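Thanks for coming, everyone. Please bring up the structure on your screens, and we'll walk through a few places together.

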Amino acid sequence: MRRKIGIITLVLCIVIICADEIMGYGNDIMYSFEGQDVKVTGTVVSEKETDEGRVFVISDITVNGIRYRKKIKAAVYYETEPLLYRKVIISGSVSIPPGRRNPGCFDYRKHLKSNGIYSCMTVNSLQITGEASGIRRIIRRMRLHTGEFLRDSLSGESFGIVMGIIFGDTSYMDDDLLESFRKGGIAHILAVSGLHMGIVYSLISRFRRKKRSLPADCITVSVLMIYCALAGFTASVMRAFIMIAVHIACTHLDLRYDFFCSCCFSMDIILLINPWQLFNTGFQMSFTACFTIAVLLPVISERTDSIFSLLIAVQTGMMPYTVYLFNYVSLLSVFSNIPVMYISGILVPAAVLAIPCSYIPVICDILAYVIEKMAEILCFMNDLLYAGGLFTFNVASPPLAVLISYYAFLAVFFSEWGRVMRKRRNFKKIACVMTVSISLAAAAGLYYDEGFSNDCFVFPDVGQGDCLHIRSIKNVLIDGGGSHGFDVGSGILRPYLLKNGVTHVDIAFITHLHMDHCKGIEELSRDFRIDTIAVFAGNRINEDDLKKQFRCRKIMYIKKGDIIRVDRNLYIEVLAPEGDELSDSDDENSNCLVLRAVYRGLSVMMTGDIDSEGEMRLINENIGADILKAAHHGSKYSSSQEFVRRVNPSAAVISVGKNNYGHPSEEVIERMESMGISVYRTDISGAVGIETSGGDKFKVDKTVE
């Protein structure tokens with residue numbers, strides 16, 4: 001039975017993956033409304049408060065009078081009352097969520113698709129027309145009442161933690177506190193999961209007769225379903241609910257309950273309801289944990305039968321995936337989860353009991369005191385074990401082929417079949433099956449390679465800003481983007497580098513100190529190793545400020561004529577500016593470094609934000625390059641015809657994002673194309689990669705085709 005349902009589940013996953021490859025994002029009626037204002041009616045099925053407003057998801061939708069069977073994610077940037085399970089009419093502009101912008105990084109569009117959401121809206125006007133009917137109205141009132149009770153009874157920090165524990169809503173938590181939970185390895189307690197459902201199930205079981213009865217179990221299933229609704233029907237919650245329901249059914253049908261079969265069955269049910277859940281990280285983490293427990297726990301329990309058995313099984317199964325996904329390792333995560341399990345054994349049932357008991361004055365006060373103290377203990381344990389990140393380290397993602405091969409090895413070697421074969425000492429059969437399984441897994445991983453692994457020059461998409469990553473024996477950055485309202489260093493550069501195997505930067509060149517060129521490097525340096533920062537020599541007078549701004553081992557001052565030999569394959573030439581003093585001009589662009597990076601004979605010119613006047617100062621120099629980074633994001637005041645002709649590139653890259661400056665200029669693009677130059681834009685193509693085997697021949701890769 002195990003083998004049959006396992007094969008069925010595997011085949012179902014393969015079919016969904018193949019269908020996704022063939023269909024892609026598919027055609028959706030909302031795509032035709034992109035950039036337009038539409039009127040939408042529907043019911044809010046989830047919501048989250050933000051500093052700027054409220055983000056919510058609408059279901060049961062009608063768009064301009066047309067029935068729409070998918071969901072829409074909407075954002076309103078002004079204060080509104082809670083919207084959960086309320087009927088609304090909204091008007092606003094439609095946008096299609098972006099896909100993967102940088103190699104190996106987060107694919108927002110696929111993430112939303114896995115939750116049944118294909119489009120987004122920015123709300124201009126919102127009208128509440130009533131409450132949802134039936135069970136949704138009950139759920140809404142229970143959640144609001146519980147939230148108000150907890151907000152009035154608990155401190156801000158404890159309130160945010162408890163809202164995460166009960167409903168999986170971490171929007172009330174401070175970002176630093178949430179990050180410490182994640183890097184301490186205990187953030188799973190803040191996402192309603194199988195642990196929570198198991199504790200709720202145990203709690204319900206204590207309030208009923210020991211002898212099982214069908215009516216009592218039906219009530220149990222109904223209560224658990226209500227809790228699923230309160231938690232938002234997430235994949236991990238539904239997985240746990242289905243597995244508990246199967247366990248109850250097996251008891252009444254006098255059948256043997258098998259954990260592995262129950263995992264497969266729940267996975268099949270969820271995927272049949274929404275096949276794209278397969279690409280949801282919550283779904284993947286939940287079932288990865290379950291399957292590794294099913295495979296590894298029997299083997300580990302033979303050696304040691306203690307609380308460590310479960311923790312070792314979970315960590316062995318989950319650590320490679322969490323490293324691949326989140327790019328950090330907590331050395332104390334195994335130990336930190338031991339006290340957390342005991343604390344959660346009190347905190348979770350107390351927090352869940354707050355839902356019905358919030359209506360009973362005396363009991364709710366006692367319960368609030370218990371919840372507050374347990375939340376404080378949890379925070380104390382988290383602070384103690386996290387230790388300010390002392391035991392948490394950045395780790396590069398393993399190649400996808402290696403990750404899949406690892407799980408293929410576990411599935412074969414530690415499976416029931418594998419254990420039987422080892423006892424029979426049939427190692428040849430194990431070796432044959434292992435070879436086939438790992439080969440297929442590695443092939444699948446290689447198939448999903450995005451084609452950037454061999455690129456020596458990569459222009460990551462950092463929005464409205466410049467950035468070039470040069471991969472040689474060493475790793476070099478030239479500029480790093482930057483934004484007023486977004487942490488480009490932590491949000492884009494750090495994940496991009498770690499996802500692509502880079503754990504530290506040897507040299508980061510900053511062409512000039514404008515925000516959209518240097519702020520990303522500044523943010524990256526806070527929690528990512530950068531050995532050397534290179535800036536124009538004139539900035540030496542500001543060395544104290546630079547040391548405060550950038551965390552690095554060394555600051556290098558460079559000027560025209562300098563050649564920096566990075567390694568045997570790569571060197572950087574400084575073409576401008578000359579001298580050791582800053583220009584008298586208030587415009588930082590006048591002090592902008594112009595660099596030419598040469599890797600195995602292929603050259604890229606980085607022009608920063610120089611204008612046509614700065615270009616003219618270089619016109620008589622040796623400035624030829626195979627690839628030109630268009631100056632000032634393609635501004636019409638740069639990339640003059642004389643300069644571009646003198647550089648004579650085969651391709652030009654415009655590093656640009658959404659802006660109000662008119663970048664890039666159509667005039668510049670047309671000028672370059674008329675000269676036979678291939679033009680690539682990061683706002684359209686995402687990251688742009690350059691691959692070469694040496695010399696001036698190269699191949700261009702794009703994240704977005």
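Predicted model: local features only at pLDDT ≥ 70, side-chain atom pairs only at ≥ 80, totals over all residues.

Where does P664 sit? It is in the loop between β20 (651-654) and α22 (666-674). Leaving aside residues up to four places away in sequence, P664 touches H633, G634, I654, V656, I669 and R681. Take I654 from that list. It is 10 residues from P664 along the chain, and their C-alpha atoms are 7.4 Å apart.

Stay with α22 for a moment. R671 and E667 both lie in this helix, 4 residues apart, about one turn. Their side chains form a salt bridge, 2.9 Å from N to O. R671 is buried at 16% relative accessible area. E667 is partly exposed at 46%.

The whole structure has 26 salt bridges. Here is another: D20 with K113, where the closest N and O atoms are 2.9 Å apart. This pair links distant parts of the chain, with D20 in helix α1 (residues 2-23) and K113 in helix α2 (residues 108-114), 93 residues apart. D20 is buried, at 5%. K113 is buried too, at 3%. K110 joins D20 and K113 in a network of salt bridges.

Next, the sheet. It is open and has 8 strands, in the order β14-β13-β12-β11-β10-β9-β22-β23, with mixed pairing. The edge strands are β14 (554-558) and β23 (699-702), each pairing on one side only. From one strand to the next, the twist averages 20°.

Look at where β9 meets β22. Strands β9 (residues 457-459) and β22 (residues 688-691) run antiparallel, joined by 3 bridges. Here V458 stands opposite G689. Helix α18 (residues 515-524) packs on the sheet, touching β11 (475-480), β12 (504-509) and β13 (529-536). The direction of α18 makes about 130° with that of β11.

Last stop: how do α7 and α8 pack? Helix α7 (residues 214-230) meets helix α8 (residues 235-253) at an angle of about 175°, and their axes are 10 Å apart. The two helices are therefore roughly antiparallel. Among the contact residues are L214, V221 and L224 of α7, and F241, I244 and I248 of α8. The contact divides into 10 nonpolar residues, 2 polar and 1 charged.

That's the tour. Thank you.

Notes
Residues numbered from 1 in each chain as written. Heavy atoms only, no water. Contact = heavy atoms within 4.5 Å. Pairing = 2+ DSSP bridges. Axes fitted to C-alpha atoms, helices over the stretch in contact; angles between N-to-C directions. Parallel < 35°, antiparallel > 145°, perpendicular 65-115°, else oblique. Nonpolar A, V, L, I, M, F, W, Y, C, P; charged D, E, K, R; others polar. Salt bridge = Lys/Arg side-chain N within 4 Å of Asp/Glu carboxyl O. Buried < 20%, exposed > 50% of the residue type's maximum accessible area, 1.4 Å probe, protein only.
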